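Let us walk through this protein one step at a time. Keep the sequence and the 3D view side by side as you read.

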Amino acid sequence: MVGPSRPQFVLFGSSIVQLCFSHGGWGSILSDIYSRKADILLRGYYGWNSRRAVQVLDQVFPKDAPVQPALVIVYFGGNDSMGPHSSGLGPHVPLDEYMENMRKIAIHLKIFENQSLSDTTRIVFMSCPPVDEARVSSSTSGIFSEVVRTNELCQIYSNSCIKLCQELGVKVVDLFSAFQKRDGWTTACFTDGIHLSAEGSKIVVEEILKVLKEAEWVPSLHWKSMPTEFSEDSPYDLVAADGKQTLNPSEWTFHREVHWD
């Protein structure tokens, strides 16, 4: 543990979370946006479904931890929504069980809100995104048996996740709809038809920031509203052109490819 202590944002989910620091991923973008404001912690697990997530909730989010996260962003659903395998093996989780598992995750995390900590834990769920069906169905591998992923199933699981969040009062990002608003999304948003490219990750970040900006949370977790660590003016900063003052660079963002709202 290093200090000073910053708010912790935990990203919890399957491969779309585990890989979110790859290919210009949304986790790395959030880390840049929230530099000197919050620490982004990755808890992503390739291939996992909601059933496995429920099994480790107490290990990943222990209720007696001295510091609780300020924000948890949760994504499960893509693997759950895969078509079932005839053997009974594999990541598929029936819709009713998926809904119940996501409910358990939300309830476990919402318990933190009742603890007398300086910051309450806020929750954002992300729904199942679409896939590039043509690319997925044309991919062959000697390692895996047939992978059944359809946008019909993705949409069913996405809608169910959104409905659950509305019922529980949990903020939700509708990735299924957000991706399809971009022209050429099937080729632009994925590296392999399932996992996210840099363009796909930009959509995820835009939608997350929109939720954080609109949420009426105190304190706000939107990056523009959060304090910047060690932001005091200093005579050791770069000297301005007039030679009479220094320029404080702690809020500079000109280096970013996208100037996020």
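Start with Lys224. This residue counts as partly exposed, at 49% relative accessibility. The model is a predicted one, and the values here are computed from it. Lys224 has a partner, Asp261, and the two form a salt bridge. Their closest N and O atoms are 3.5 Å apart. Where do Asp261 and Lys224 lie in the chain? Asp261 is in the segment after β7, while Lys224 is in the loop between α10 (198-214) and β6 (238-239), so the pair ties together parts that are 37 residues apart in sequence. Asp261 is partly exposed as well, with a relative accessibility of 47%.

Now step back to the whole protein. Its secondary structure comes to 10 helices and 7 strands.

Next, look at how the chain packs. Of the 261 residues, 46% are buried. Take the contacts between residues at least 6 apart in sequence: 74% of them join residues at least 24 apart. The accessible surface comes to about 13600 Å². Carbon and sulfur atoms account for 52% of that surface.

Charges come next. The protein has 23 positive and 31 negative charges. Their mean positions are 1 Å apart. Side chains of opposite charge can pair when their charged atoms come close. How many salt bridges does the structure hold? The count is 14.

One of the salt bridges joins Lys37 and Glu251, with 3.9 Å between the closest N and O atoms. This pair links distant parts of the chain, 214 residues apart. Lys37 sits in the loop between α2 (26-33) and β2 (39-44), and Glu251 sits in the segment after β7 (246-247). Glu251 is partly exposed, at 46% relative accessibility.

Another salt bridge brings two helices into the picture. The side chains of Arg51 and Glu97 meet at 2.7 Å, N to O. Arg51 belongs to helix α3 (residues 50-55), and Glu97 belongs to helix α5 (residues 95-110). The two residues are 46 apart in the chain. Arg51 is partly exposed, with a relative accessible area of 33%. Glu97 is partly exposed too, with 27%.

Some charged residues join into a group. Which residues are linked in a network of salt bridges? They are Arg182, Glu199, Lys202 and Glu257.

Finish at Asp132. Find this residue in the loop between β4 (122-126) and α6 (133-138). With 9% relative accessibility, Asp132 counts as buried. What does Asp132 touch, leaving out residues up to four places away in sequence? Its contacts are Thr186, Phe190 and Gly193.

Key. Residues are numbered from 1 along each chain as its sequence is written. This is a predicted model: local features need pLDDT of at least 70, side-chain atom pairs count only at pLDDT 80 or more; totals for chains, interfaces and linings use all residues. Side-chain values use heavy atoms; hydrogens and water are left out. Helices (H or I, at least four residues) and strands (E, at least two) are DSSP runs, numbered from the N terminus. Buried means under 20% relative accessible area, exposed over 50%, partly exposed in between (1.4 Å probe, protein chains only). Contact means heavy atoms within 4.5 Å. Accessible areas come from the Shrake-Rupley method with a 1.4 Å probe; for residues, only the protein chains shown count as cover. Lys and Arg count as positive and Asp and Glu as negative; His and the chain ends are not counted. The place of a charge is taken as NZ of Lys, CZ of Arg, CG of Asp or CD of Glu. A salt bridge is a side-chain nitrogen of Lys or Arg within 4 Å of a carboxyl oxygen of Asp or Glu.
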